[in-house]
Amino acid sequence: MAKRNNDHMALGDALSEFIKENNLQKGMDKVDAREAWSNLMGNGVNNYTTSVELKNETLYVSLSSSVLREELSLGKSKIITMINEELGRELVKKLVLR
C-alpha cells in the first residue's frame with residue numbers, strides 16, 4: 001500500500017505526484033496530444049478525423065478525406081509546432097497523416 005502523506009498540498013500538485021509515482025505520464029501525453037489536435041484544428045478538420053494516436057514522439061492522424069490529408073501535409077511542420085506550443089513542451093517530433 002502507498003505511503004500516506006499527512007502534509008497539506010494543492011490538488012494539482014497531488015495529481016502530478018500521483019501521475020509521476022505511477023508512471024502514467026505516457027498515457028496522459030496521448031490524451032493531451034489528442035485534445036491538442038481537436039482544439040487546434042477546429043470543427044472542419046475534426047469532422048474528417050477518425051483517430052489520433054501518439055506513439056514514440058510520432059502523432060498518427062487518420063483522416064477520411066484524401067483532399068484534406070493532402071492540404072494538411074503541406075503544413076506538417078507548422079502543425080507540429082502548433083501542437084507542441086499547445087502542449088507546452090516538445091512532445092511531437094513527427095506527424096503522419098493516414
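Modeller: Let us begin with helix H2 (residues 25-46), which lies across S1, S2 and S3 and runs at about 150° to S1. Helices (H or I, at least four residues) and strands (E, at least two) are DSSP runs numbered from the N terminus; axes are lines fitted to C-alpha atoms, for helices over the stretch in contact (heavy atoms within 4.5 Å), and angles run from 0 to 180 degrees between N-to-C directions. This is a predicted model, in which local features need pLDDT of at least 70 and side-chain atom pairs count only at pLDDT 80 or more, while totals for chains, interfaces and linings use all residues. Residues are numbered from 1 along each chain as its sequence is written, and side-chain values use heavy atoms, without hydrogens and water.

Biologist: In what order do the three strands form the open sheet?

Modeller: Two strands pair if DSSP finds at least two bridges between them. Here the order is S1-S2-S3, with mixed pairing. S1 and S3 (94-97) are the edge strands, each pairing on one side only.

Biologist: In which sense do S1 and S2 pair?

Modeller: S1 pairs with S2 (residues 58-63) in the antiparallel sense, over six bridges; Thr-49 stands opposite Leu-63. S2 and S3, by contrast, pair in the parallel sense over four bridges, and Leu-59 has Leu-95 as its bridge partner in S3.

Biologist: Is Ser-51 buried, partly exposed or exposed?

Modeller: Buried means under 20% relative accessible area, exposed over 50%, and partly exposed in between (1.4 Å probe, protein chains only). Ser-51, in S1 (residues 49-55), has 27% and is therefore partly exposed.
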